[in-house]
Amino acid sequence: MATSIAYSGARRVLAQNWTGSSTVPSRTLYPHQWSWDSGFIAIGLRHLSPFRAQRELETLLASQWEDGRIPHIVFNPAVPLTAYFPSPDFWRSSTAGSAAGAPAGAETSGIVQPPIHALAAWLVHQADPAASERRGFLRRVYPRLVAWQRYLTERRDLGGLGLASIVHPWESGMDNSPCWDPPLARIEPAASASFHRADLDHGCPADRPTDLDYGRYVRLAEHYRDQGYADDPGRQPFAVEDPGLNALLIAAEHALAEIAAELGEDPADHQVRAAQLTTTLLKRLWSPQEGMFLCRDVVANETIPERSAAGLLPLILPGLPDDVARALLRTAAGPRFGLGGTTRLVPSYDLAGKGFDPARYWRGPAWFNVNWLVERGLRRYGADLQADALRHSLVRSAAGSGYAEYVDPFTGEARGTRDFSWTAAVTVDLLAPGERARLREEYTASAHHSLRPALQEAR
Ligand code: 2M8
């Protein structure tokens, strides 16, 4: 498919999903604003309209809680309650979240999602620095992004060693990953008759999480809400350190250092935090045996023996030890993820894992945002040929699937909903003229390792 068709299709999806102040992930399945979706969407939108990209992030940040958290959903009051579950009357943020500083004038969820936002803000600024400066974009978002980072590194340090924990599978963004099966098995599900799954009004049940998973999601969210969304360590039935979320947390600290320097402030604090967090990530979640990062169950105090694409995402970070970066590249290209071999795109979960299902949501299908991150990681460590091939495959699969929410990792067949915003947004970014060359220059200039030989070894 010609790249111009892919580009114009993606632009059409982003235009049709724009509400005037932000973008819905999907007009049917997800008719509100989602936190990490908006980050990826802004990264694509910056090439079409830097102003809209700024608005996307500013709209989300306007509903930030006083404790610094950015809620995972900001509800549109014009959308009927029945359109999405759990709806605002489930979360009751303005009342149940008042002690945590939830805004009084907006309804949101009370949980969070991975912190892509500082990186997104930095990339949005770079798309048109003059326009960004004119609107004081970075100066306005910087304190909010710092407060968000402090929320995650302080209030969410439930393991006590510095990494952020998730307290609900939805917080990982990879909702029904098999990584959550062991810690979720401890949770008594809410009765299925106690809620109505609006997702099944729009999605095929075989592509979505099971009712048993939903019962557990509901129970955990109710529990968190009923504690006033407090984050006291030891009181969460589900607490997991996820390498994907923590990789983005560290990437955010690097982006905040760039933003601080651009604003004439001292970036040192962010640089030190990024280095410390990277050391902790390596100590706590790196598995030399598996050649990737694994999740840690903080409640059971044990490693979760499941491999998901989240464990490859630290590749986006500068400064990984050579042996770690080499092993990650080998694992990505090996039988579990099939990059450049058996799969078109990196699957969300281990192809050889017992929970693998090529159709069901985060249990195997390939997702475009995850692959966009992997593409950057490959470039960061000098695997340009593999990154180019993945980029090509991402664009082809996105346009060929009608900008599907996710696809079968082997065939590229569309799954989930269509005309999905972040699929369109990363397509625009991957096709933006000069963007990849700029990235290569940035990575070369910052003198991060070039591991081309490692990739050759891996093949
Ligand atoms: C999916 O999650 C929501 C709950 O947050 C759902 O299934 O209803 C996930 O894919 C998540 O990563 C994404 O942000 C959200 C909206 O696209 O949908």
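## A residue in the core

Let's start with A121: leaving aside residues up to four places away in sequence, A121 touches L57, L138, V141, L145 and I259. This comes from a predicted model. A121 belongs to the largest nonpolar core, which has 137 residues, and A121 and A425 are those with the most contacts inside it. Helix α12 gives this core its largest share, eleven residues. In soluble globular proteins, nonpolar side chains tend to be buried together.

## Helix α12

Now for the helix itself. Helix α12 covers residues 243-262, 20 residues in total. From its first C-alpha to its last, α12 reaches 29 Å, close to the 28 Å expected at 1.5 Å a residue.

Why is α12 described as largely enclosed by the rest of the structure? The reason is that 17 of the 20 residues of α12 are buried. Just after α12 comes G264, which takes a positive phi of about 80°.

## A four-strand sheet

Next, look for an open sheet of four strands, in the order β3-β4-β7-β8, with antiparallel pairing. Its edge strands are β3 (165-166) and β8 (302-303), and each pairs on one side only. Strand β4 (residues 240-241) runs antiparallel to β3, and two bridges join them. Within this pair, I166 stands opposite V240 in β4.

## Around the ligand

Which residues lie around the ligand? They are P25, Y30, W34, W36, D37, H72, W170, G173, D175 and D199. By type, this shell divides into five nonpolar, two polar and three charged residues.

Technical notes: Residues numbered from 1 in each chain as written. Predicted model: local features only at pLDDT ≥ 70, side-chain atom pairs only at ≥ 80, totals over all residues. Pairing = 2+ DSSP bridges. Near = placed C-beta within 6 Å. Nonpolar A, V, L, I, M, F, W, Y, C, P; charged D, E, K, R; others polar. Expected span 1.5 Å × (residues − 1). Buried ≥ 20, exposed ≤ 12 C-beta atoms within 10 Å, placed from the backbone. Core = buried A, V, L, I, M, F, W, Y, C linked by C-beta atoms within 7 Å. Contact = placed C-beta atoms within 7 Å.
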